[in-house]
Structure formats: C-alpha cells, structure tokens
Amino acid sequence: MEILLHSRTMPSTKIVGLWRRFGCIIYDLLALIAIWWAASLPFAALDLSVPGSPERWLYQAYLSIVGLAYFVLCWRARGATLGMRAWRVRIETPDGRRIGWGTAVIRALGAVLSWACLGLGFLWSLFSSTRLCWHDRWSSTRLVSME
C-alpha cells in the first residue's frame, strides 16, 4: 500500500525530509517558549514549586493544552506553524487540501506519541519510501516543500 500511495498521490510534490522537519521543530520550540511564557502570566502569583501539588499538575496540563492548541490552530488556519513558514513547509492531505480540525488534533496527539517513543515515530521517515512519520500516516497528512 505504501508504494501505491506514493505513486498515486505524491508524484509532483516534494515531501519534506527529517532534517528539514527538525529545523521547523527548533523554530516552533522558540515560538512555544514565548507562548508558554505569556500563558504563564496568570499563574505568576501562585507557588507552583511544590512537586505533586494539584495546582502544579493543573498548570502543566494547561501548558500542554496551550502547546497542542498552537499546532492545531496554525495547521488548520494557515496550513503551517511559524517554524514551518520560515522553512517554507506546509501541511496538507494526500490530495493537496488543507487539513480539518479533527485531522489536526489527531496529528498533534500522534506527534506527541512519536516523540514519547524516543523519537522513533520521526526516525521512521528515514526508512519509509514515502518519508512519512507515524503521525503523518495516522492523520493521512504530509509535509511538503513550498519551493
């Protein structure tokens, strides 16, 4: 199926490789740090230094949701995050359309799982003929070059 998918839906589009993905990730990490800093301002008065406290757990869950929302909103609204735009990369469905809300959520959660497995979900792209990561496959999306 992998070869059939590759030959039928991706003939003229350049799929982005792992190193370019990592470039996007580094840029997006810088954007996320700024977003998390701004999102943390309402919690500045709370003492969140106690490990295991309910407040700290809620704060960490809140920041996780903020981070996922950044990716989902960017992918849905513009087809790319800030890092992806800097590296001239966009996300799309196999037929070249912008992804929907559900697809963006599946992709974001899948990317977390790809990282949680020691990055194996990303490394998979090095051994795949389609150069897709796990979360690309699960969400039926792909990252393509805009050049």
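**Helix packing and a strand pair**

Modeller: In strand 2, Val 144 is the bridge partner of Arg 90. The model is predicted, with local features needing pLDDT of at least 70 and side-chain atom pairs counting only at pLDDT 80 or more. Residues are numbered from 1 along each chain, and side-chain values use heavy atoms.

Colleague: What makes strand 1 and strand 2 a pair?

Modeller: Pairing requires that DSSP finds at least two bridges. Four bridges join strand 1 (residues 89-92) to strand 2, and the two run antiparallel.

Colleague: How do you know that both faces of strand 2 are covered?

Modeller: Buried means under 20% relative accessible area with a 1.4 Å probe. In strand 2 (residues 142-145), Arg 142 and Val 144 on one side and Leu 143 and Ser 145 on the other are all buried.

Colleague: Why is helix 3 called oblique to helix 5?

Modeller: Helix 3 (residues 54-78) and helix 5 (residues 101-116) pack at an angle of about 140 degrees, with axes 9 Å apart. Angles under 35 degrees count as roughly parallel, over 145 as roughly antiparallel, 65 to 115 as roughly perpendicular and the rest as oblique. Therefore helix 3 is oblique to helix 5.

Colleague: Which residues make that contact?

Modeller: With contact meaning heavy atoms within 4.5 Å, they include Leu 68 and Trp 75 of helix 3 and Trp 101 and Val 112 of helix 5.

Colleague: What makes helix 2 oblique to helix 3?

Modeller: The axes of helix 2 (residues 18-40) and helix 3 come within 10 Å and cross at roughly 135 degrees. That angle makes helix 2 oblique to helix 3.

Key. Axes fitted to C-alpha atoms, helices over the stretch in contact; angles between N-to-C directions. Buried < 20%, exposed > 50% of the residue type's maximum accessible area, 1.4 Å probe, protein only.
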